[in-house]
Amino acid sequence: MTITKPAAVVTGASTGIGHATTQVLIEKGWHVFAGVRKDEDAARLSQEFGDSVTPLKMEVTDSASMNAAGKKVREALGGKTLQGLVCNAGVAVTGPILHIPVEEFAQQLDINVLGVVRTVQAFGPLLGADKSLTGKPGRVVTMSSVAGKMGMPFVGPYAASKHALEGLSKSLRKELALYGIGVHIIGPGAVATPIWDKADDTSELDKYRHTDYIKSMERVFHWMLDRGPKGLPPRQIGARVHHCLTASNPKNRYAEVPQRFENWTMPRLLPEKFVDKQVIKRLGLRPEDLKRR
């Protein structure tokens, strides 16, 4: 099948933001190559969206898998450029940096940072870097997070990966300018995705009950359980992706954050030392808090 509509690749398309982005783009007349890891997710997307979606089995930690998916998309496009590449696949590894296994930290970076590099190398040529293709250059959208700008306790691996993604995206934007390919960052805050369906799972906390951090981690855990399900609808992020891919002059970065003034504007206006002090106090991370335990 040769694709005649504008087409985009969306990684991590089985649930959450990736699924919502797939849905929004299809509703707007796009064809989506939807990156998934499981056969059942591929079948479900095909049933839901029909011929408007082409599921792609891929693993962002495996270059061979990504390159094979890139070849499939190239064949389907029939010599035309890909109009969008949405780097959405990612995970969140949590834990205090003093105690988290380095292997888990490395996995976080492999998926969220090197996974984006593999994705760009597999599909970037199709956006217009390959000059043998016809059609206007496409655009890249990377899915960062508010965590990439504000490092909070116990999400150090995730914050590090998203901070790295911010820098990676800025460098990539300047490099791909050579081909007229745009690169845009979306940094969501809390989004109401199926990840909160596992809210009662305390296994991540249980691993650190022997540490001095457990009381503070429990406070963060309960805060996330309260705020997460009240986050932005995934479709709002999907709509922002569509805007990045189609607007005549989109911004370099969009912060999609609920209660924006409280959770984004004000913390960035205040002195960092003041913000740190408030967070440390609220979470019980002062030396005097340790003495009470």
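Reader: What makes the side chain of Asn112 and the backbone oxygen of Val91 a polar contact?

Author: This is a predicted model, so the distances are computed from its coordinates. A polar atom of the Asn112 side chain lies 2.9 Å from the backbone oxygen of Val91. A polar contact needs a pair of N or O atoms within 3.5 Å, one able to donate a hydrogen and the other to accept it, so the distance of 2.9 Å meets the cut-off.

Reader: Why is Asn112 called buried?

Author: Buried means under 20% relative accessible area. Asn112 has 2% relative accessibility, so Asn112 counts as buried. The residue sits in helix 4 (residues 102–123). Leaving aside neighbours within four places in sequence, Asn112 touches Gly90, Val91, Tyr158, Ser161, Lys162 and Leu165.

Reader: What makes helix 1 mostly covered?

Author: Of its 12 residues, 10 are buried, among them Gly16, His19 and Ile26.

Reader: Why are strand 3 and strand 7 said to stand at the edges?

Author: The open sheet has seven strands in the order 3-2-1-4-5-6-7, with parallel pairing. Strand 3 (53–57) and strand 7 (253–256) each have a single partner strand, so one side of each is left without a neighbour in the sheet. On average, neighbouring strands are turned by 15 degrees against each other, direction ignored.

Reader: How do you know that strand 6 and strand 7 pair?

Author: Pairing requires at least two bridges, and these strands have four, in the parallel sense, so they qualify. Gly187 stands opposite Ala255 in strand 7. Both faces of strand 7 are covered: Arg253 and Ala255 are buried on one side, Tyr254 and Glu256 on the other.

Reader: What about strand 1 and strand 4: how many bridges do they have?

Author: Strand 1 (residues 7–10) and strand 4 (residues 84–87) have three parallel bridges, so they also reach the required two. Val9 has Leu85 as its bridge partner in strand 4. Helix 1 packs on the sheet, with strand 1 among the strands it touches, and its direction makes about 170 degrees with that of strand 1.

Terms used. Residues are numbered from 1 along each chain as its sequence is written. This is a predicted model: local features need pLDDT of at least 70, side-chain atom pairs count only at pLDDT 80 or more; totals for chains, interfaces and linings use all residues. Side-chain values use heavy atoms; hydrogens and water are left out. Buried means under 20% relative accessible area, exposed over 50%, partly exposed in between (1.4 Å probe, protein chains only). Axes are lines fitted to C-alpha atoms, for helices over the stretch in contact, and angles run from 0 to 180 degrees between N-to-C directions. Contact means heavy atoms within 4.5 Å.
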